[in-house]
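Hi,

Here is the structure I said I would pass on.

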Amino acid sequence: MARSPLNSGRAVSSVRLKRRLSPDAFFRAKPAHSPYIGAIANPITDIRTCTAFGRKSKKLLSPKDIALSVAPMIEWTDRHCRSFHRVMSRRTRLYTEMVTTGAVIHGPRDRLLGFDDAEHPVAVQLGGSDPAELVKAARICADFGYDEINLNVGCPSDRVQNGRFGACLMLEPALVGECVAAMKGAVSLPVTVKCRIGVDEQDTEEALNRLTESVVAAGCDALTVHARKAWLQGLSPKENRDIPPLDYDRVYRLKQKNPDLPTAINGGIRTMAEVKEHLKHVDGVMLGRIAYQEPEILLAVDRELFGEGPPVADPFEAVEAYEPYVAAQLAEGRRLHDMTRHMLGLFTGRPGARAYRRHLATEATKPGAGLETLRDAVAKVSRLSAEAA
Ligand SMILES: Cc1cc2nc3c(=O)[nH]c(=O)nc-3n(C[C@H](O)[C@H](O)[C@H](O)COP(=O)(O)O)c2cc1C
């Protein structure tokens, strides 16, 4: 039986299971590590209900499912990055990069959507605004075994605006509701939305309330709010992640108004102390740049938020735990750099971090670079850290 390189002791059976079962049956048959098991076992505390276009529907995510997640980030949170993050936290929810419905339907699916079984719980983020296309894409993603379908209502890039999706959908709450309802009707997975508090000159009270009302009525299972506006003209996507001011209180008020909607906050959150502060007001925190640039933060998640020991003790063990995955990918013909580019920030703040980064940046791109290159880079940190101690 096939085994995941990240979980060498655990048989990878869920993908095969998925192929044999209907989506409904597959959902019920999730393996024991799935957060849904708890939700199903404890319907009173974990499953909430809402009215989806007049019909009762269960919330398929509980607050604890979304307590901590790593944000969807194009070019960053690919499968190698997610597999690396997973070795540091069992509980963190992981998101793919945004994939457009067109790419899912017409593109190279295995390359775009394939993932390692050890990545669960993992959500796919879709970019699109045509309900019929979203239905097709959601079904394909469900068939791949994702744990959640998330709709992007927050990306402000020109390309996305031309396709009439992403952040500009903040201006079309009814259409977003239609998209969510269509996907909810097509798959048994949680369907969620990631949005901004508004765009351009919108009043953020009204804009976010209208979007939320629409998606809640459509049966949305959770909402993640990037707590700043997006400016659709004049700012680059990068500037749109920094320049519009953060308004965390706006997200807190949204949660107060919608107590039954699992709600996560995102934007500018950089420490576990900040995470815990936000969790007094909302159900979840989504970390973006900090999780990528200084992934060691993920080592604290299982212990500090779930009272469980982390899978590995420190960044050195994290690299060791990731090595079997890297070896398996190298054996399939991938370059070392495909994996190590996501690891450059791992030792940030430790003596030798710069030498580690430089070694990987120059050596891991060379043809034939293998695990030795990674080990040599880590040895620089071990040596310099020991000298400094
Ligand atoms: C390189 C990069 C790519 C991103 N790509 C996406 C994306 O595909 N979908 C999305 O919803 N947000 C995307 N974002 C935005 C993040 O998900 C997040 O909302 C934003 O970075 C704010 O969170 P942070 O301050 O914790 O980084 C991206 C951010 C970065 C830095």
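Below is what came out of going through it, from the overall fold down to single residues.

First, a caution: this is a predicted model. The chain has 389 residues, and 46% of them count as buried. I get 19 helices and ten strands. If you take the contacts between residues at least 6 apart in sequence, 70% of them join residues at least 24 apart.

Now the core. The largest nonpolar core takes in 98 residues, and the members touching the most other members are Ala138, Ile149 and Val180. Helix 10 (residues 173-186) gives the largest share, six residues. Where does this core sit relative to the domains? Domain 1 (47-306) and domain 2 (315-388) both contribute residues, so the core lies between them. As general background, nonpolar side chains in soluble globular proteins tend to be buried together.

Once you set aside neighbours within four places in sequence, Val180 is in contact with Leu151, Val191, Val193, Val215, Ala218, Gly219 and Cys220.

On to the ligand. It is surrounded by 23 residues, the closest being Ala71, Met73, Met98, Gly288 and Arg289. Sorted by class, that shell has ten nonpolar, eight polar and five charged residues. Strand 4 (93-100) and helix 14 (289-293) each supply at least two residues of the shell.

Then there is Cys155, which UniProt lists under "active site" in an unreviewed entry. You will find Cys155 in the loop between strand 6 (148-153) and helix 9 (158-162). Is it buried or exposed? Cys155 has 24 other C-beta atoms within 10 Å, and the cut-off for buried is 20 or more, so Cys155 counts as buried. Leaving out residues up to four places away in sequence, Cys155 touches Met98, Gly127, Val160, Gly166, Ala167 and Pro237.

Last, a loop residue, Ile243, which falls between strand 8 (222-226) and helix 12 (248-257). Ile243 has 13 C-beta neighbours inside 10 Å, so it counts as partly exposed.

Cheers

Key: Residues are numbered from 1 along each chain as its sequence is written. This is a predicted model: local features need pLDDT of at least 70, side-chain atom pairs count only at pLDDT 80 or more; totals for chains, interfaces and linings use all residues. A nonpolar core is a set of buried Ala, Val, Leu, Ile, Met, Phe, Trp, Tyr and Cys residues joined through C-beta atoms within 7 Å. A residue is buried if 20 or more other C-beta atoms lie within 10 Å of its own, exposed if 12 or fewer, and partly exposed in between; C-beta atoms are placed from the backbone. Helices (H or I, at least four residues) and strands (E, at least two) are DSSP runs, numbered from the N terminus. Domain bounds come from an automatic or database domain assignment. Two residues are in contact if their C-beta atoms, placed from the backbone, lie within 7 Å. A residue is near a molecule or strand if its C-beta atom, placed from the backbone, lies within 6 Å of it. Ala, Val, Leu, Ile, Met, Phe, Trp, Tyr, Cys and Pro count as nonpolar, Asp, Glu, Lys and Arg as charged, and the others, Gly among them, as polar. UniProt positions are given in the numbering used here, feature names are shortened, and annotations may be inferred rather than shown by experiment.
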